Amino acid sequence: SIPPSGVSCSGCGAELQCCDSEAPGFMPAEKYQSLSDGPTGVTGLRNAVCQRCWLLCHHGQALGLRLPPEQHRLVVSAALRRPLRHGRGPLLLYILDLLELPDPVLPQLQGLMSPDVPAAGLLVVGNKVDLLPADAPGYLGRLRERLTAACAQAGLRGFPLVDVRLVSAKTGFGLEGLISRLQRSWKCAGDVYLLGATNSGKSTLFNSLLHSDYCKSRAPDVINRATVSPWPGTTLNLLKFPIINPTCDRIFRRQERLKEEAEKTEEQLSSEERKYLNHLKKQGYLVGEVGRTFQRQKSSTVVEFDPDMLSYSIDEEPRHSPKKHEESEEFTYNEVKDARWCFDTPGIIKENCVLNLLTEKEVKLVLPTHAIIPRTFILKPGMALFLAALGRVDYLKGEKPAWFTVVASNLLPVHVTSLSNADAVYEKHAGQELLKVPMGGEERMKEFPPLIPQDITLKGIGTTEAVADVKLSSAGWVAVTADKEEELLLRAYTPQGTTLVVREPPLLPYISAIRGARIAGNAAYRTKRPPSLVENLKTIGRR
């Protein structure tokens, strides 16, 4: 009987409500009423999060929603078709997961726009570059070339390409450069929309920009961070923050800060900064820092400890404290009347993607969150390689052995066997510990689609350079390296209804070189992890 609040969840953007637990924005009625029954009414819900965001953030659990996949697309399209603001169209900041090249959603960008509201520009950001190891000198330049080529192949007409950037929204690599590029080319001319497929890292980038020089200095005190999780489709509606106007004075002060920070060595950082830096190094190969030049001076406050707020379990909501509500900060009318906004939008669901078939636990194993350590195997004709139970590559025909390098989550197992034994291995171990994903035994595999084969013919270009990547949907890929002119006949498998892509040229052509010695009596080589590099520190290149 209680109508929707008209207030958005600060984590995912859905309208808060307490009537339907399977609909977006649900909050238990007791919690909803305790926040909305105060003197400020429903505005007491401001900065609150829905039950789904709460469980994602605090317990890593994803609640299922009764929400059709096309709903995300409709929200994005409606936002992009809004009437022109400030006399010009928006800048589209398209976030692309480098591991997913070729991106399946980028070619659909044209269909989301209205001919009456053309985009003023397109800036494509290749995210998650920190997960990929350096296979050879100049690899970042090659990745950027691959990204530019993907934009050209997507056939985006009428979208002026402003730039192509490589970043890690998680470790901060490349973000200061992206901010400088935005402020230099776009300034504060209009609104900016973060677009992309699910799990591309839009909300992580949104949170990083919210606490950077791209955002008005007071905004982090008013706007909460977006909810981030590996579960596809976390953001359900629009989130936004106001963009700071990059005046000449602000640009100068920002450049001075960046110069000062670039003069630091790693040894000059504080113990806390070094600890955080080492934490990021464990997670990615490329690390950066996002600082703030324009920070609002805050008066010191006394933190009140309320033990009752901590005394709850996963099965219950935190008890509402009877103490008075802390005054939430709001923007004044003058602060935002002419503001340009940066919007985080829902991710577009990828069709024919293996992640759509997986449970929450399985998704966490499949999506890489730490630097990927490549695993190389030397296979003779008549051998097969499994990537969990989500993909399989058979080496059917060839004159010589070839190298197969797996680039996927470090948590996914790789199993090599003879071709004659491969079907029996899948039959016996799919759903079990050996192949790990899917998990759940025979009952799980009864509902999981069968693996469907696709024959692939390749011709080697040398023992140091891969000829192609066999991309097993979103589970990862296998880079194939063979002797020059050596013809290979392969058969690759992915679950029915998912897309298998042969990527030529490969994303990391020299990836097979990142390996240790061959393990005696085994097809595998020992793994090797390249060192991490830190951006904008004098120690870069030494460690």
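## Salt bridges and nonpolar cores in a predicted model

Arginine 392 has a relative accessible area of 5%, so it is buried; buried means under 20% relative accessible area, exposed over 50%, and partly exposed in between (1.4 Å probe, protein chains only). The structure is a predicted model, in which local features need pLDDT of at least 70 and side-chain atom pairs count only at pLDDT 80 or more, while totals for chains, interfaces and linings use all residues. Residues are numbered from 1 along each chain as its sequence is written, and side-chain values use heavy atoms, with hydrogens and water left out.

**Salt bridges**

Arginine 392 pairs with aspartate 394 in a salt bridge, a term for a side-chain nitrogen of Lys or Arg within 4 Å of a carboxyl oxygen of Asp or Glu. Aspartate 394 is buried because its relative accessibility is 1%. By this rule the model has 25 salt bridges, and the table lists some of them.

| Salt bridge | N to O distance |
|---|---|
| Arginine 392 and aspartate 394 | 2.8 Å |
| Glutamate 261 and arginine 257 | 3.0 Å |
| Arginine 165 and aspartate 163 | 3.1 Å |

Glutamate 261 and arginine 257 are both buried. They sit four residues apart in helix α9 (residues 248-262), which is about one turn of the helix; helices (H or I, at least four residues) are DSSP runs, numbered from the N terminus. Both residues also belong to a network of salt bridges that links Glu176, Asp213, Arg254, Arg257 and Glu261.

In the pair of arginine 165 and aspartate 163, arginine 165 has a relative accessible area of 22% and is therefore partly exposed. Aspartate 163, at 12% relative accessibility, counts as buried.

**Nonpolar cores**

A nonpolar core is a set of buried Ala, Val, Leu, Ile, Met, Phe, Trp, Tyr and Cys residues joined through side-chain atoms within 4.5 Å. The largest one holds 51 residues, and Leu390, Phe404 and Leu490 touch the most other members. Another core lies apart from it and has 49 residues, including Leu109, Met113, Val124 and Leu143.

Beyond its neighbours within four places in sequence, leucine 490 is in contact (heavy atoms within 4.5 Å) with Val393, Asp394, Tyr395, Leu396, Phe404, Gln454, Asp455, Ile456, Leu458 and Val480. Asp394 in that list is the salt-bridge partner of arginine 392.

**Cysteines**

With a disulfide taken as a pair of cysteine sulfur atoms within 2.5 Å, the count of disulfides is zero. Cysteine 9 is buried because its relative accessibility is 1%, whereas cysteine 248, at 71%, is exposed.

Methods
Helices (H or I, at least four residues) and strands (E, at least two) are DSSP runs, numbered from the N terminus.
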